Amino acid sequence: PPRSTLFPYTTLFRSLFLKGAPTYLDALAALEAFQQEVEAMCTKVYSRHKDRLLPAMGLDGDDDFERYVDGEPAERWSQVGISRGYQKRGLDGPCFRLYVSFSESEDGTMAVEATVWLECSKTRRPRDDIYDRIRRKNLHCRLVKDDDDESTYFGLYFATPVKPDELSSVPDALSNVLLELIGYCESVEGLNLKAL
């Protein structure tokens, strides 16, 4: 393209670079500290309830969690928390996730949700069995289909919104959504996620 069309972009890039470069490492450090804080919050909530949660989900042991981070900054959404696989494939297979979801609408309104996600098998029968049993107890429980480049995943999704001016209540919201999941699992006499 003609140089005249490149000039505004080059000028913008140079301006952003010059403004961002001095604070880039500080911003990375702040982001890492924030993610660690959210991860620690989720881990603490999980630890408080794991004695009820693991049997309710049909899991044994206390396998290692990994930090879970997903999102698209350009699309103004992110998810931060913890993730644990419940098969021998670990995090390469179906996962349990407890995380905080952040998003911003086009008008700049911020939304925060405390979320539990149970990723289910691509095998239809056990997935549908779990969903049907839970839905009988919880009509607003949602089955979410997620397509990526490699395959299709299905998951059970439980979320509780948190008002942006009440962010100090995020740990309580995480605890509440986890207790909601435990209650539903127990009411259907438990799940067997390890079998998925």
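L28 is part of helix α2, which spans residues 24-57; helices are DSSP runs of H or I with at least four residues, strands are runs of E with at least two, and both are numbered from the N terminus. The model is predicted, so local features need pLDDT of at least 70 and side-chain atom pairs count only at pLDDT 80 or more, while totals for chains, interfaces and linings use all residues. Residues are numbered from 1 along each chain as its sequence is written, and side-chain values use heavy atoms, leaving out hydrogens and water.

With a relative accessibility of 40%, L28 counts as partly exposed (buried means under 20% relative accessible area, exposed over 50%, partly exposed in between; 1.4 Å probe, protein chains only). Together with Y24 and L25, L28 forms a nonpolar surface patch of about 340 Å² accessible area. Such a patch joins nonpolar side chains (Val, Leu, Ile, Met, Phe, Trp, Tyr) within 5 Å, from residues with over 30% relative accessible area and no salt bridge.

## Salt bridges

The whole structure contains four salt bridges, each defined as a side-chain nitrogen of Lys or Arg within 4 Å of a carboxyl oxygen of Asp or Glu. One of them pairs E32 with R67, the closest N and O atoms being 3.1 Å apart. Because E32 belongs to helix α2 and R67 to strand β1, this pair ties together parts that are 35 residues apart in sequence. R67 also forms a salt bridge with E39, at 3.0 Å between the closest N and O atoms; E39 lies in helix α2, so this pair links parts 28 residues apart in sequence.

R52 and E186 meet through their side chains in a salt bridge of 2.7 Å, N to O. R52 lies in helix α2 and E186 in helix α4, so the pair ties together parts that are 134 residues apart in sequence. Through shared partners, salt bridges join E32, E39 and R67 into one network.

S175 lies in helix α4 (residues 170-187) and is buried, with a relative accessible area of 7%. Leaving aside neighbours within four places in sequence, S175 is in contact (heavy atoms within 4.5 Å) with V45, R48 and H49.

## The second largest pocket

The second largest pocket has a volume of about 280 Å³, a volume being the space filled by probe spheres set on grid points joined across faces, edges and corners. A pocket is an open set of points on a 1 Å grid over the protein atoms alone, where a 1.4 Å probe fits, with protein on both sides within 12 Å along at least five of seven lines; lining residues have an atom within 4 Å of a point. Strand β1 gives the largest share of this lining, four residues.

Conventions: Patch = residues over 30% accessible without salt bridge, like charges linked within 9 Å, V, L, I, M, F, W, Y side chains within 5 Å. Areas by Shrake-Rupley, 256 points an atom, 1.4 Å probe, with all protein chains shown as cover.
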